[in-house]
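Morning, everyone. Please have a look at the model on the screen, and then I'll walk you through it.

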Amino acid sequence: ATLEPSTEKLGNNPLPQHFVDGVQELPELLRERQVTTLFQPIVSLPSGALAGYEALGRGTHPNLSECPLELFQIASGVGHDGAEAELSALFREKALELASVRPDLPALFLNVHHKELGGSELVHSLVEAHRRSPQLRLTLELHEGALAKLEKVDHLRGQLSKSGVGLAYDDFGAGQARLLELAEVPPHYLKFDMSFIRDIDSASLSRQRLLTSLVAVARDLLVYTVAEGVETSEEADVCMRLGFTHAQGHHFGKPRPIAEV
């Protein structure tokens, strides 16, 4: 489909010029596949052993930001819903392409945009990726906001399980901690937003107790828990004490190109 600038506005203001310009450049990024992937380690606790990598997409178009959040904001200004889904799929395809030359990678966590939910292309692409690289354990990450579409998430979870692909809920607690949905459709991994983890070593006892309770709920549901955004050894120590099974953040490794992994 042809990408056309949307006439939508931000509040009462027209879209900023750089977004309008970006919408005009986005088709080239998608057509020429101008994206790459950085890989950030996820470790097991308390050992610190490597458990896998999260694939973090970046743009490489010379006139657009490399930041995926900004690219998705630009894609949302396009006149049809498919642009966000196409960008999300492109990021994932590039990550799998780069990872395919590294049979030593233990596992890969791949992000998905909620606009891809319900389409057959998503599951088909993951099944095919698993067939091509059976040694690579794949886990699909959904933002917690996608839990508003619980029926679609439940259906996706069932399809992925049949194909040996795991499911993770990302940024848990960034908005509304959806405990009911967590119980109804438990994932394999629950990734706690970095706002929970930042300065947890100096946080109040009440905040630490809250986090302990949420980790315990996940454990009772047989869900692995990942502390995101761990920056210091002190934060890592507290996360281990609170019962997290995994962790991710600059303390354990920064996002790096595949050649440096």
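**Cysteines, rings and a pocket**

Let's start with Cys239, which is buried, at a relative accessible area of 1%. That counts as buried because the cut-off is under 20%. Keep in mind that this is a predicted model. Now take Cys67: its relative accessibility is 28%, so it is partly exposed. How many disulfides does a search of the whole structure find? The count is 0. As a reminder, a disulfide is a covalent bond between the sulfur atoms of two cysteines.

On to the rings. There are 6 aromatic pairs. Look at Phe172 and Phe192. Their ring centres sit 5.4 Å apart with the planes at 75°, so this pair is edge-to-face. Where do the two residues lie? Phe172 is in strand 7, residues 166-172, and Phe192 is in strand 8, residues 189-192. The pair therefore ties together parts that are 20 residues apart in sequence. Buried or exposed, Phe172? Buried, with a relative accessible area of 1%. Phe192 is buried too, at 0%. Ring pairs also bring in Phe196 and Phe244, making a cluster with Phe172 and Phe192.

Last stop, the largest pocket. About 1,100 Å³ of space lies in it. Its lining has 38 residues, and the closest to the centre are Glu54, Pro68, Asn111, Asp170 and Asp171. Which elements supply at least two lining residues each? Among them are strand 3 (35-44), helix 2 (68-76), helix 3 (82-99) and strand 7. By type, the lining of the largest pocket divides into 14 nonpolar, 14 polar and 10 charged residues.

That's my tour. Over to you.

Notes:
Residues numbered from 1 in each chain as written. Predicted model: local features only at pLDDT ≥ 70, side-chain atom pairs only at ≥ 80, totals over all residues. Heavy atoms only, no water. Disulfide = S-S within 2.5 Å. Buried < 20%, exposed > 50% of the residue type's maximum accessible area, 1.4 Å probe, protein only. Phe/Tyr/Trp six-rings, centres within 6.5 Å; stacked < 30°, edge-to-face > 60°. Helix = DSSP H or I, 4+ residues; strand = E, 2+ residues; numbered from the N terminus. 1 Å grid on protein atoms, 1.4 Å probe; cavity = no way out; pocket = protein on both sides within 12 Å on 5 of 7 lines; lining within 4 Å. Points joined across faces, edges and corners; volume = space filled by probe spheres on them. Nonpolar A, V, L, I, M, F, W, Y, C, P; charged D, E, K, R; others polar.
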